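Let's take a walk through this protein together. Have a look at the model first, then read on.

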Amino acid sequence: MKKLETILFSVLYVIFLAVCVYGVTILIGEAARVVAAVIGVAGTLLGGLVKYGFDLDKQRRHIELVEKKKRENQRYLDKRNNYAELLSKVGDVVRKKEGADDVLTSIHLASWAFGSLDVVLATNEFQVDPSRENLMQLVKVIREELVSAEQSTLFDDEKKELTTVNLSSYDESPIFAAKTTGY
């Protein structure tokens, strides 16, 4: 009987071990699923955090770009206003109105701050010799400067109209006196 007990005990022990191994296998499979789920949740959270960081950086860069474009736009408008004021006084200089040279010189000083070197030089040439050629050169340089500045900034359609004007279509007759004056 002792032998039978030992055999029975061994069989039960083997069955118990088999059940334990089977249970552990099932638990390991479930644990693997739980671990996979935890890793999936952690990955989703990390992905969301990384995306949020990238979105914040993109938004910051967009705001910086908009601010830069606003500053460029303001510089363009300052330059355009200076050039408009400068050109508005050119006719008075050509017609030799009293005090027109002083007014033009005062406005021209602002061109040193806002304008390009080409515009400053063309204005200097015009002040020395207010001829038709120098005026047309000044207008051409101002036009080129405004168009190149406009193309590098954000503008609405109203301001885009500046690029559609053809330089050869200018009518200078309102600016210059009759041809008999030597101009």
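**Starting from one serine**

The side chain of Ser116 makes a polar contact with the side chain of Glu145, at 3.2 Å (a polar contact is a pair of N or O atoms within 3.5 Å; within protein, one must be able to donate a hydrogen and the other to accept it, and residues adjacent in sequence count only if both atoms are side-chain atoms). Keep in mind that this is a predicted model, where local features need pLDDT of at least 70, side-chain atom pairs count only at pLDDT 80 or more, and totals for chains, interfaces and linings use all residues. Residues are numbered from 1 along each chain as its sequence is written, and side-chain values use heavy atoms, with hydrogens and water left out.

So where does Ser116 sit? You'll find Ser116 in the loop between α2 and α3 (117-128). Ser116 is buried, with a relative accessible area of 15% (buried means under 20%, using a 1.4 Å probe and protein chains only). Leaving out residues up to four places away in sequence, Ser116 touches Tyr83 and Glu145, where contact means heavy atoms within 4.5 Å.

Tyr83 also belongs to the contact between α1 and α2, together with α1 residues including Leu86 and Val90 and α2 residues including Leu104 and Ile107. The axes of α1 (residues 2-94) and α2 (residues 100-114) come within 9 Å and cross at roughly 160° (axes are lines fitted to C-alpha atoms over the stretch in contact, and angles run from 0 to 180 degrees between N-to-C directions). That makes α1 roughly antiparallel to α2, a label for angles over 145 degrees.

Zooming out, the protein has 5 helices and 0 strands (helices are DSSP runs of H or I, at least four residues, and strands are runs of E, at least two, numbered from the N terminus).

Key:
Angles under 35 degrees count as roughly parallel, over 145 as roughly antiparallel, 65 to 115 as roughly perpendicular and the rest as oblique. Buried means under 20% relative accessible area, exposed over 50%, partly exposed in between (1.4 Å probe, protein chains only).
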